[in-house]
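Open the model in your viewer, keep the sequence beside it, and follow the stops below in order, selecting each part as it is named.

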Amino acid sequence: MRLDNGGMKTATSISRQILALARSEQWASGAHLAAQGLADRLRVSRQPINDALQLLAEHGIAQRERHRGFFLALPHDQIPAELLAEAPASDADLVEASYLRIAEDRLRGTLPESVTEAALRTRYGLSKPQLAALLTRIAQEGWIERKQGYGWTFATMLTTPDSLLQSYRLRLALEPAALLEPGYRLDPAVLERCRAAEIHLLQGGIATDSAILLHDRGVNFHESLVQASGNAFFIDTIRRVNRVRRLLSYRSMQNRTRYREHCEQHLHILELLEQARNEEASEAMRAHLASTLRNLTSISDILQPGAAAPAAPSPERASNQAETLQP
């Protein structure tokens, strides 16, 4: 069985990404494939997600229920391996590498605030379609915007340890309070998805997942818990904070030892919420974020503007380094 048929390259690629999420996070048969949630996680619009879900449904991997949406039709461990194999993706690989280079260049101060597309293509060796895909992605994440008339401008981001510390103080005030909101309800399917993501990391993903996957996993956990509060002001604030700390978060992924502790803390918070012990969950969240605040100073050298990023560690070394930033 093949997913790629008749001009469906985009839907095919996104379908594979959805299946990769299902496998890595161990989704059960019947898991809700919420279009907006997938669009947020894969940083695309709703339409290509809908096309991809329709394609999965045509091949029996997903089921569509009237007025309810799409659901996974088989458990994660029964997804055929050939559907997870990526098609040749030299363009995707180049765009991914260029994305991280741009993020690092902004942190080092070697990329100016305002840039032209021609300059970016020359600097990173990209074609027009590749650059268009890259700029669309960065714009959706909120750290670049098109200038009126010509060129692009990078948004103000958190680029110093001091500003990052302030963002964590905000989170420390907000996230524990969100768990105490009246009517707080964490959907069981969301809870299980978050739990599966932590288990995936504990089973090896800490060493092998990319910086982007690790960042997105942490963001998804914290935003999912805040969103369950039903307080739109809380979720809007935490999303804004997560967008602007993205670049420093990537750099912090050089050190990963503390991920195991963070995963265990996340699982403990989920267990408390599952038992409706929200006051205890709130205190556990406070302790979780506070421990990160205490450890920020130990990586201040690699977070300083202009600091060169050390070479990425091998999977064997990654688990032996001391991650302190990304809960």
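This is a predicted model: local features need pLDDT of at least 70, side-chain atom pairs count only at pLDDT 80 or more; totals for chains, interfaces and linings use all residues.

Residues are numbered from 1 along each chain as its sequence is written, and side-chain values use heavy atoms, with hydrogens and water left out.

**The whole chain**

Zoom out to see the chain, which has 16 helices and six strands; helices (H or I, at least four residues) and strands (E, at least two) are DSSP runs, numbered from the N terminus. Of its 327 residues, 48% count as buried, where buried means under 20% relative accessible area, exposed means over 50%, and partly exposed lies in between, with a 1.4 Å probe and protein chains only. Among contacts (heavy atoms within 4.5 Å) with a separation of 6 or more, 76% are between residues 24 or more positions apart.

**The sheet of β1, β3 and β2**

Return to histidine 32 and select the three strands of the open sheet, whose order is β1-β3-β2 and whose pairing is antiparallel; two strands pair if DSSP finds at least two bridges between them. The edge strands are β1 and β2, each of which pairs on one side only. Strand β1 (residues 32–33) is joined to strand β3 (residues 69–72) over two bridges in the antiparallel sense, whereas strand β2 (residues 62–65) and β3 pair over four bridges, also in the antiparallel sense.

Where does histidine 67 lie? Histidine 67 is found in the loop between β2 and β3, two strands that form a hairpin with three residues between them. Phi of histidine 67 is near 65 degrees, a positive value in a residue other than glycine, and histidine 67 counts as exposed because its relative accessible area is 76%.

**The sheet of β4, β6 and β5**

Move on to another open sheet of three strands, in the order β4-β6-β5 and with antiparallel pairing. Here β4 (114–115) and β5 (144–146) stand at the edges with a single partner strand each, so one side of each is left without a neighbour in the sheet. β4 pairs with strand β6 (residues 152–154) in the antiparallel sense over two bridges, and selecting serine 114 shows threonine 153 of β6 standing opposite.

**The second largest pocket**

Rolling a probe the size of a water molecule over the atoms shows where empty space is left. On a 1 Å grid over the protein atoms alone, tested with a 1.4 Å probe, a pocket is an open set of points with protein on both sides within 12 Å along at least five of seven lines, and lining residues have an atom within 4 Å of a point. Select Gly37, Asp40, Arg41, Arg193 and Asn220, which lie nearest the centre of the second largest pocket, among the 41 residues that line it. About 1,200 Å³ of space lies in this pocket, the volume being the space filled by probe spheres set on the grid points, which are joined across faces, edges and corners. At least two lining residues come from each of β1, α2 (35–42), α7 (128–141), α9 (188–208), α10 (211–227) and α11 (232–244). The lining divides into 15 nonpolar, 11 polar and 15 charged residues, where Ala, Val, Leu, Ile, Met, Phe, Trp, Tyr, Cys and Pro count as nonpolar, Asp, Glu, Lys and Arg as charged, and the others, Gly among them, as polar.

**Into helix α14**

Next select alanine 276, in the loop between α13 (259–274) and α14, which has a positive phi near 60 degrees although it is a residue other than glycine. Alanine 276 is exposed, with a relative accessible area of 61%.

Continue into α14, whose buried residues include Asn278, Ala281, Met285 and Leu289. Finish at arginine 286, found in this helix (residues 278–295), which counts as partly exposed because its relative accessibility is 35%. Leaving aside neighbours within four places in sequence, arginine 286 is in contact with Leu172 and Pro176. The C-alpha atoms of arginine 286 and glutamate 175 are separated by 7.8 Å, although the two residues are 111 residues apart along the chain.
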